[in-house]
Amino acid sequence: MSSILAQNHAIRSSQQVLSGTSDKIGTIQRRSSHRVKNTSHHFLLPARVYCISSSSSSSNSATITTKPPPVTEPLTYDPLTPITKTETSTTTTTSSTRSVLNDPSLKSTWAHRAWMTSGCTTVLISLARSATGAIDSHSWAGPLIAGCIGYVLSDLASGIYHWGIDNYGSAKTPVFGSQIDAFQGHHKWPWTITRREFANNLHALARAVTFTVLPIDLLCNDATTLAFAGVFSGCIMFSQQFHSWAHGTKSKLPSTVLALQDAGILVSRSQHGAHHRPPYNNNYCIVSGLWNEYLDRTKVFELLEMIFFFKFGVRPRSWSEPNSEWTEETETKSIPVSH
């Protein structure tokens with residue numbers, strides 16, 4: 001009889017231990033369920049729960065035990081540290097910013113700097129020889145007027161050239177292929193122009209100025225002609241820098257540049273911004289923007305597009321619906337993440 005009572009006592013003790021363990025497990029499950037309901041944008045791994053239950057009896061009684069746990073700590077809840085979407089986004093943005101700042105294609109090389117030096121020297125020779133001729137002839141009116149005309153016409157020339165490479169040709173077009181590819185890609189990633197270093201941005205135009213204006217400097221002695229050539233070529237060469245400033249933020253631009261933009265001497269940010277909005281067929285001029293309103297109002301470029309279409313059967317890009325190759329991407333979205 002005593003052995004039966006001892007066995008019953010052992011069984012009741014084991015049941016109490018298992019009952020208490022079940023209550024603790026149920027409490028943890030309810031807490032885990034409550035945390036999952038109140039957690040947003042978290043990734044959770046399953047918890048690990050360990051239970052210890054044992055009973056002992058005298059040497060004359062039966063013993064009931066459960067499987068021993070792998071650790072000695074009873075009832076442990078071990079969740080994984082959650083990873084939020086905000087943390088992932090911050091990491092991606094930081095890596096993306098680092099990637100674009102270190103992009104070697106936006107850096108200036110010694111070849112770029114050499115062409116910039118050559119182009120600037122060519123322009124300065126034109127202006128210096130024009131000033132010398134005006135002093136010798138005691139006539140400043142002709143060179144000054146020629147310089148003003150060169151400034152006005154450079155804006156028109158920049159618009160015509162910009163319209164042409166925006167709408168026609170491709171990267172495979174002879175001679176102008178790289179410029180066409182750069183300008184057409186500029187619509188997809190317009191912010192990259194503000195990341196380019198000075199010589200990197202202007203060296204192609206500086207090279208063109210060197211080859212076209214230097215012969216004029218060497219062969220021409222007329223002060224008026226030299227003044228026109230110097231101002232016109234200088235504005236064309238620096239038009240890409242004016243273009244870059246038109247994409248800059250007001251807080252980061254020099255006060256002198258802001259004043260020139262507000263005065264209409266350089267193309268403004270708001271005026272050029274209209275060029276990067278649908279239908280992408282206006283405000284092509286990027287020196288001063290002086291011609292933009294007139295050209296858009298009289299639909300000069302639309303008339304030229306019709307002539308090209310009926311004469312050569314070529315459709316401009318502006319006639320097509322904007323696609324993924326034309327529409328702008330934001331900076332964070334388009335920069336690949338560096339690993």
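Biologist: Why are helix 6 and helix 7 called roughly antiparallel to each other?

Modeller: Let's start with the value: helix 6 (residues 198-219) and helix 7 (residues 223-237) pack at an angle of about 170°, with their axes 9 Å apart. Axes here are lines fitted to C-alpha atoms, for helices over the stretch in contact, and angles go from 0 to 180 degrees between N-to-C directions. Angles over 145 degrees count as roughly antiparallel, under 35 as roughly parallel, 65 to 115 as roughly perpendicular, and the rest as oblique. Helix 6 and helix 7 are therefore roughly antiparallel. One note before we go on: this is a predicted model, in which local features need pLDDT of at least 70 and side-chain atom pairs pLDDT 80 or more, while totals for chains, interfaces and linings use all residues. Residues are numbered from 1 along each chain as its sequence is written, and side-chain values use heavy atoms, without hydrogens or water.

Biologist: Which residues bring helix 6 and helix 7 into contact?

Modeller: Contact means heavy atoms within 4.5 Å. From helix 6 come Leu202, Leu205, Ala206, Val209, Val213, Ile216 and Asp217, and they meet Leu226, Ala229, Ser233, Ile236 and Met237 of helix 7. The residues of this contact divide into 10 nonpolar, 1 polar and 1 charged. Nonpolar covers Ala, Val, Leu, Ile, Met, Phe, Trp, Tyr, Cys and Pro; charged covers Asp, Glu, Lys and Arg; the others, including Gly, are polar.

Biologist: How do you know how many helices and strands the chain has?

Modeller: Both are DSSP runs numbered from the N terminus, with at least four residues (H or I) for a helix and at least two (E) for a strand. Counted that way, the chain has 13 helices and 0 strands.

Biologist: What makes the length of helix 3 agree with expectation?

Modeller: The expected span is 1.5 Å times one less than the number of residues. For the 28 residues of helix 3 that gives 40 Å, and the end C-alpha atoms are 40 Å apart, so the two agree. Helix 7, with 15 residues, reaches 21 Å, close to the 21 Å expected.

Biologist: Which residues of helix 3 and helix 7 are buried, and where do they pack?

Modeller: Buried means under 20% relative accessible area, exposed over 50%, and partly exposed in between (1.4 Å probe, protein chains only). In helix 3 the buried residues include His112, Met116, Gly119 and Thr122, and the buried residues of this helix pack against helix 4, helix 6 and helix 7. In helix 7 they include Leu226, Ala229, Gly230 and Ser233, with packing against helix 3 (110-137), helix 4 (141-167), helix 6 and helix 8 (239-246). Across the chain, buried residues make up 32% of the 339 residues.

Biologist: Why is His275 called buried?

Modeller: Its relative accessibility is 0%, so His275 counts as buried. His275 lies in helix 10 (residues 269-275). Beyond its neighbours within four places in sequence, His275 is in contact with residues including His162, His187 and Tyr284.

Biologist: What makes the link between His275 and Asp166 a polar contact?

Modeller: A polar contact is a pair of N or O atoms within 3.5 Å; within protein, one must be able to donate a hydrogen and the other to accept it, and residues adjacent in sequence count only if both atoms are side-chain atoms. The side chains of His275 and Asp166 are joined at 3.1 Å. The side chains of Asn283 and Asn282 also make a polar contact, at 2.9 Å.

Biologist: Is Asn283 buried or exposed, and what is its phi near?

Modeller: At 11% relative accessible area, Asn283 is buried, and its phi is near 50°, a positive value in a residue other than glycine. Most residues other than glycine have a negative phi, and most peptide bonds are trans. Asn283 sits in the loop between helix 10 and helix 11 (292-298). Pro279 is in the loop between helix 10 and helix 11 too, and the peptide bond from Pro278 to Pro279 is cis, with omega near 10°.

Biologist: Why is Lys299 called partly exposed?

Modeller: With 45% relative accessibility, Lys299 counts as partly exposed. Lys299 has a positive phi of about 55° although it is not a glycine, and its place is in the loop between helix 11 and helix 12 (300-312).
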